[in-house]
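These are my notebook entries from an afternoon of looking things up in one protein model. I wrote each entry as I went along.

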Amino acid sequence: MALAGTPPHRGARLRRALTPYTLIAPTVLLLAVFLVVPVGSVVYYALQHHVVNEPYDDAFVGLDNFRRMFADTQFWQSLAFSAKWVFAEVVLQLLLGLGLALIVNETFIGRAVARAMVFSPWAVSGVLTTSIWMLLYNPATGVFHYLGEAGIGDSATSVLGNPGTVFSAAVVAELWRGVPFFAILILADLQSVPKELYEAASMDGAGRIRSFFHVTLPHLRDAIVLATLLRSVWEFNNVDLLYTLTNGGPAGATTSLPLYVAQLARKSYDFGYGSALTTAAFVILLFCSVLYLRLSKFGGGK
């Protein structure tokens, strides 16, 4: 029985107001368990001296790990490589993905087969991608061996063992896997461009090139911004392909920051310093992502 002065349907209104929060509560709980807790533990260990095989020496060291990071030349080298890697990969993947999306968006015989061939590398894992490209780069049985026999280059060329060519070789291998991601996202957005816009542009005397720059690209802006942001984060955190293809070599020429952290954990078991490096990488990515979204005005409308 309702209390005096209380609206008879107040309880029902309260239940309706709480229903959305009740429905999202399991998701929030899962995020707290699988996201907040791991991030918190990384920050905690970043403030500790924690070497697995030296448990007797564990202690709180405050910001010492971060001070050590600023004096670590390998950290700066790996960070510089990561920046170079992300820039090269994202720019080339965007340009090639955009080109492929424009091609398979046209109507031609065998388009479905062409789309399947374009998108299929995205389904291949990083380790399998590495296996394919290691066979292609093999100086004894790969592509360069047959080119050398044909009189083009040196048949004994080892592109993965040469500091001058290993970066380009790794970039090409990752392009094969990453370009379809851009092609898929851009193609999906291309198919939503109203045909009336192209008809209006044509009536105004715009050709294919002007229509592309004044109709297609503005419509694709948000898709391109989102795709480049996601790929930048993923390429920055790339470990599987670089680890299995070059293991950071030769002579550390392809050691990215995440790979450096993985090597610290695998070789020296220094989880405290590794956590500090991971925290620094998280802050760098967060800052760059927010800055990029602000500068690109993502979601501001087409």
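Predicted model: local features only at pLDDT ≥ 70, side-chain atom pairs only at ≥ 80, totals over all residues.

**Entry 1, aromatic rings.** I began with the aromatic side chains and found that ring pairs link Trp 122, Phe 181, Phe 182 and Trp 234 into a cluster. The rule I used takes the rings of Phe, Tyr and Trp (its six-membered ring) as a pair if their centres lie within 6.5 Å, and it calls planes under 30 degrees apart stacked, over 60 edge-to-face and the rest tilted. By this rule I have twelve aromatic pairs in my count. One of them is Phe 81 with Trp 85, a stacked pair with 6.0 Å from centre to centre and 25° between the planes. Both residues lie in helix H3, four residues apart, which is about one turn of the helix. I noted that Phe 81 is buried at 7% relative accessibility, and that Trp 85 is buried at 1%. For these words, buried means under 20% relative accessible area, exposed over 50%, and partly exposed in between, with a 1.4 Å probe and protein chains only. The pair of Phe 212 and Phe 213 is edge-to-face, because the ring centres are 5.1 Å apart and the planes stand at 80°. Phe 213 is partly exposed, with a relative accessible area of 49%.

Residues are numbered from 1 along each chain as its sequence is written, and side-chain values use heavy atoms, with hydrogens and water left out. The average pLDDT (the predictor's confidence in each residue, from 0 to 100) is 85 for the protein, and 94% of the residues score at least 70. Confidence is lowest in helix H6 (residues 143-149), with a mean of 76, and highest in helix H3 (residues 73-104), at 94. The helices are DSSP runs of H or I with at least four residues, numbered from the N terminus.

Which residues does Arg 68 meet in a salt bridge? The side chain of Arg 68 meets that of Asp 270, at 2.8 Å from N to O, where a salt bridge is a side-chain nitrogen of Lys or Arg within 4 Å of a carboxyl oxygen of Asp or Glu. This pair links distant parts of the chain, since Arg 68 is in helix H2 and Asp 270 is in the loop between H11 and H12, 202 residues apart. Arg 68 is partly exposed at 41%, whereas Asp 270 is buried at 8%. The charged end of Arg 68 also sits over the ring of Tyr 273, 3.8 Å from its centre. For that wording, NZ of Lys or CZ of Arg must be within 6 Å of the ring centre and within 35 degrees of the ring normal. Lys 84 has its charged end over the ring of Phe 167, 4.3 Å from the centre.

I then listed other salt bridges, of which the structure holds eight. Asp 64 and Arg 67 meet at 2.5 Å, N to O, and both lie in helix H2 (residues 64-70), three residues apart. Arg 221 and Asp 222 meet at 3.5 Å, N to O; Arg 221 is partly exposed at 29%, and Asp 222 is buried at 15%. Salt bridges that share partners join Glu 174, Arg 177, Arg 231, Glu 235 and Asp 240 into one network.

Most residues other than glycine have a negative phi, and most peptide bonds are trans. With that in mind I wrote down the peptide bond from Gly 249 to Pro 250, which is cis, with omega near -5°. Pro 250 is in the loop between helix H10 (240-245) and helix H11 (257-268). Asn 247 is also found in the loop between H10 and H11, and has a positive phi near 55°. Tyr 269 has a positive phi of about 55°, and is found in the loop between H11 and helix H12 (271-296).

Key: Helix = DSSP H or I, 4+ residues; strand = E, 2+ residues; numbered from the N terminus.
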